Amino acid sequence: MKNTNMPAEGADPLVYQCRLPLSTNTVAYVAGLLRKRMREINSPGRLLPAGRIALLVLAMLRHDQRALDLAGGNHVSETTMRRWRDEIIALLAAKAPRLDRALRKIANRGGEVVLIDGTLIPTRRRTGAANRPNYSGKHHRHGLHFLALTDERGRLIWISAARPGRTHDITAARRDHVLEHL
């Protein structure tokens, strides 16, 4: 078996359906962010409607689908899919709360307990030396490490930026200065 950047099979893409574990509210929220951004930059339009772009990007992120596969089935280029993915990730990241503000909000509500835990989000193994830091020896797989803070009921308060999978929880907490903020 050899790696290739070509779509599977012939020139006509074969499209299949799959069920995404996403609510319509999630897709509508992401599409709304994209529409707002398009108005801000006076974008005349895209190849696909904002709702369809949101759905494709969420499918790419949720199922770790190759951009080339999604692009071919929707008659857009791989580069366009990657650009849309990066744009939506930036829009979502801009909405994320800062650690100090999230903790202040919990303190104002009378919360006294915050739970800290790291998690590895599995990804497909990429080739090359640049992907070696993403290998977690603890989990024996490739992925990205995130540090999450939740309240005493388990509701997400804050989540860190992605780090290589080999990152330990305490190292991530030190780099984000979590203890100082607490």
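The structure is a predicted model in which local features need pLDDT of at least 70, side-chain atom pairs count only at pLDDT 80 or more, and totals for chains, interfaces and linings use all residues. Residues are numbered from 1 along each chain as its sequence is written, and side-chain values use heavy atoms, with hydrogens and water left out.

The pLDDT is the predictor's confidence in each residue, from 0 to 100. The protein has an average pLDDT of 80, and 86% of its residues score at least 70. Helices (H or I, at least four residues) and strands (E, at least two) are DSSP runs, numbered from the N terminus. Confidence in the protein is highest in helix H1, at 90, and lowest in helix H3 (residues 67-73), at a mean of 76.

Two packed helices are described by the angle between their axes and the distance between the axes. Axes are lines fitted to C-alpha atoms, for helices over the stretch in contact, and angles run from 0 to 180 degrees between N-to-C directions. Helix H2 (residues 50-63) packs against helix H4 (residues 78-95) at an angle of about 90°, and their axes are 10 Å apart. H2 and H4 are therefore roughly perpendicular to each other (angles under 35 degrees count as roughly parallel, over 145 as roughly antiparallel, 65 to 115 as roughly perpendicular and the rest as oblique). On the H2 side, the contact (heavy atoms within 4.5 Å) is made by Ile53, Ala54, Leu56, Val57, Met60 and Leu61; H4 contributes Met81, Trp84, Arg85, Ile88 and Ile89. The residues of this contact comprise 10 nonpolar, no polar and 1 charged (Ala, Val, Leu, Ile, Met, Phe, Trp, Tyr, Cys and Pro count as nonpolar, Asp, Glu, Lys and Arg as charged, and the others, Gly among them, as polar).

Ala67 is found in helix H3. With a relative accessibility of 4%, Ala67 counts as buried (buried means under 20% relative accessible area, exposed over 50%, partly exposed in between, with a 1.4 Å probe and protein chains only). Apart from neighbours within four places in sequence, Ala67 is in contact with Met60, Glu78, Met81 and Arg82. The C-alpha atoms of Ala67 and Met81 are separated by 5.9 Å, although the two residues are 14 residues apart along the chain.

Strand E3 (residues 141-150) has 8 of its 10 residues buried, so it is largely enclosed by the rest of the structure. Two strands pair if DSSP finds at least two bridges between them. E3 pairs in the antiparallel sense with strand E1 (residues 115-122) over 8 bridges, and Pro122 stands opposite Gly143 of E3. Strand E2 (residues 135-136) is also antiparallel to E3, over 2 bridges, with Ser136 as the bridge partner of Arg141. The hairpin of E2 and E3 has 4 residues between the strands, and His140 there takes a positive phi near 55°. Strand E4 (residues 156-159) runs antiparallel to E3 and is joined to it by 3 bridges; here Ala148 stands opposite Ile159.

Asn42 has a positive phi of about 55° although it is not a glycine. Asn42 lies in the loop between H1 (24-40) and H2, and at 66% relative accessibility it counts as exposed.
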